[in-house]
Amino acid sequence: MIDAFSFKGSIQAIVYPRMIYAPNKTTIAVIGESVSLEWRYNSGDLKDDLYEVVFGIWKSPGFLKTKLIAVNSSGFSLTRSTYKSSLGWAGNLTSSMAVFELYNVKLEDSKKYGIVVEYGLQNTPLTGTVQLQVVSRLQVESRHPPKTATLQQTNVTTNKLGSLKTVKVSCHSRLPKIVSYPGNPFIGKGKGNATLLWKFELRPTETWKNSIIEVVFGVWKYPGFLKEKLLLINNTGGEKIRENYEKKISCNFDMSLLQVAFTLHDLDKDDENEYGIQVEFGLSRAPLTDSVKLRLEDPPKINTPQQRNISVRDGDPLVIKCLASGFPTPNITWKKHGKTIGNQALYFISIKTFDSGVYLCEAHNQAGKDSTEITVRVEDSDNLEFPTTQRATAASAGNACPNSTDPITYNSGEDARLFYNRSTHENENNFFGYRGFINLSLFAFIKKNQSEGTCSGPSKEICLKGKTEFKTWNQSLLIINIFNVTVNDSGLYAVWTSFSGVFSQDDKTEKCFQVIHLKINGNSSETSSSPTPHSTPQSTQVYSSSTTSSGASNSPRALRTYNNLVLMISTITTTVTMSVNPSIWFFQFIKSRKIF
């Protein structure tokens with residue numbers, strides 16, 4: 001009988017590959033950011049049999065539905081053509097570390113991804129999966145941020161010289177990432193500055209100088225790169241700004257704190273854009289990127305007029321404008337009794353008593369709104385008085401004009417109109433006429449029964465050149481017009497009455513009848529040579545015209561009036577566009593010299 005064989009010796013166990021670290025089963029990423037998915041594995045006794053590492057879209061129960069990137073045992077990677085700009089390899093097979101980075105993630109990137117580590121056909125591969133959930137930044141800020149994946153500590157059994165040994169593996173790593181961002185969208189104000197600040201992290205052994213090639217800021221282009229580079233910072237702290245942008249953009253950075261801030265100056269509507277940052281590490285690693293949309297907003301503002309009431313005659317034309325500043329350019333609407341009746345400006349070719357009432361101007365844009373009211377009163381009386389800012393001050397008894405009176409204020413470039421009451425003695429035989437003076441210097445006179453003044457006196461040149469005119473306005477008023485005023489037109493404008501004889505009554509002697517102090521607000525480059533005794537805020541100016549019965553045919557006059565109204569409306573239409581300059585209210589009747 002043959003005895004059974006007996007074997008003596010030790011049995012050597014095979015150590016198979018296994019995963020020792022993986023991302024969270026559900027990993028949160030923010031829209032527009034980059035996310036790194038890292039796996040670490042121990043190949044055990046099959047280290048030399050590693051064939052490739054593949055990453056892709058996972059399909060249950062356990063394989064890759066779509067391969068996106070494959071890395072062979074030599075470290076050469078091959079990426080699917082449609083994913084070359086959105087996916088990259090950042091791992092190291094020598095260190096048994098597989099890292100895949102998805103750039104500028106979008107909502108549609110929310111999928112289940114997986115990794116397969118292949119050791120040849122004769123061995124079972126390692127696999128791992130992760131569910132990527134892409135959310136908006138607002139969603140992240142509204143709740144506690146998810147915990148970042150931490151490296152697992154696993155007991156790994158290895159074989160060394162035939163003996164069993166338990167080794168405790170603990171791996172800790174921090175991948176580069178952006179940790180602080182500007183608000184998105186970032187809201188700026190017109191003519192102001194916008195500072196966009198980013199802060200990032202590097203690996204523990206890395207610094208700005210030894211790992212970052214350059215940090216670049218510029219105009220961003222979807223899906224994830226800079227269309228136009230505006231400013232560059234290299235790893236020594238040197239800056240380079242795009243030509244013609246030296247005054248538009250600046251930066252402030254701290255290489256030790258790993259933060260950089262870019263400031264855009266003197267913002268206007270052309271600066272509204274999407275801007276981005278790229279932190280470049282060289283060709284071997286994907287850059288850190290982020291982008292932000294810059295939007296300009298400035299709430300509308302209507303300056304409250306000093307005079308909110310306006311009185312006009314029945315049948316007169318009237319134009320009311322409402323100007324406001326803001327960004328985007330505010331839309332203007334006019335309302336009466338809650339109903340919208342117009343925008344930008346209101347035109348009354350022949351206003352009627354039923355047009356009296358309260359008119360509401362509203363200016364609104366996406367940043368807010370502003371509103372104010374103006375009351376219009378339409379009168380039947382031919383004796384309707386002008387606002388006190390437009391009425392001449394009666395002179396005291398004697399032949400001297402007062403050297404000080406409350407001024408009427410205009411802005412440089414406007415046409416000034418000064419109204420004076422006509423004398424109650426005009427129809428008497430002794431009445432001779434009116435004389436117009438500027439700072440006690442005669443420039444024109446109007447004879448009895450004449451409507452147009454005649455240029456005369458030491459200052460007649462301003463009349464002859466069409467700078468100033470003196471004429472009757474209607475049956476009760478005279479007017480002095482000064483066109484395209486400058487600060488040099490400031491001064492005292494007086495009307496004197498003249499009679500052919502000498503009388504004891506003060507109101508029938510040659511004397512200063514009425515006087516108006518005109519003050520012009522000019523540009524800083526203008527200087528005034530005329531006295532300005534008082535300075536008061538600008539008032540809302542209201543002008544009116546009324547027709548008079550002169551016995552002449554009304555048809556040619558009506559035709560001239562109609563034609564000039566059409567000309568006036570077309571001219572004003574070109575100027576009703578909103579301006580970003582400080583706004584003023586402007587209420588103006590049609591210029592008498594253009595209508596009559």
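The legends below describe close-up views of a predicted model. Residues are numbered from 1 along each chain as its sequence is written, and side-chain values use heavy atoms, with hydrogens and water left out. In this predicted model, local features need pLDDT of at least 70 and side-chain atom pairs count only at pLDDT 80 or more, whereas totals for chains, interfaces and linings use all residues.

View 1. Strand 7 pairs with strand 8 (residues 97–102) in the antiparallel sense over three bridges. Leu-87 has Leu-102 in strand 8 as its bridge partner.

View 2. Setting aside neighbours within four places in sequence, Lys-67 is in contact (heavy atoms within 4.5 Å) with Glu-52, Val-54, Phe-55, Gly-56 and Arg-80. Val-116 is 49 residues from Lys-67 in sequence, with 9.9 Å between the two C-alpha atoms.

**View 3. The largest nonpolar core, of 30 residues.** A nonpolar core is a set of buried Ala, Val, Leu, Ile, Met, Phe, Trp, Tyr and Cys residues joined through side-chain atoms within 4.5 Å; buried means under 20% relative accessible area, exposed over 50%, and partly exposed in between (1.4 Å probe, protein chains only). Phe-200, Val-215 and Phe-262 touch the most other members. Among the elements that give two or more residues to this core are strand 15 (194–201), strand 16 (214–221), strand 20 (259–264) and strand 22 (288–296). Apart from this core lies another, of 29 residues, including Ala-29, Val-35, Trp-39 and Ile-57. Leaving aside neighbours within four places in sequence, the contacts of Val-215 include Phe-200, Trp-208, Leu-231, Val-260, Phe-262 and Ile-277.

**View 4. Lys-221 in strand 16.** Lys-221 is partly exposed, because its relative accessible area is 41%. The C-alpha atoms of Lys-221 and Gly-276 are separated by 8.5 Å, although the two residues are 55 apart along the chain.

**View 5. The disulfide of Cys-322 and Cys-361.** The structure holds two disulfides, a disulfide being a pair of cysteine sulfur atoms within 2.5 Å. In this pair the sulfur atoms are 1.9 Å apart. The torsion about the S-S bond is about -80 degrees, so the disulfide of Cys-322 and Cys-361 is left-handed. The link joins distant parts of the chain, 39 residues apart: Cys-322 lies in the loop between strand 25 (318–321) and strand 26 (325–327), and Cys-361 in strand 30 (residues 357–365). Both Cys-322 and Cys-361 are buried.

**View 6. The disulfide of Cys-455 and Cys-463.** The S to S distance is 1.9 Å, and with -65 degrees about the S-S bond this link is left-handed. Cys-455 is partly exposed, with a relative accessible area of 23%, whereas Cys-463 is buried, at 11%.

Methods: Two strands pair if DSSP finds at least two bridges between them. Helices (H or I, at least four residues) and strands (E, at least two) are DSSP runs, numbered from the N terminus.
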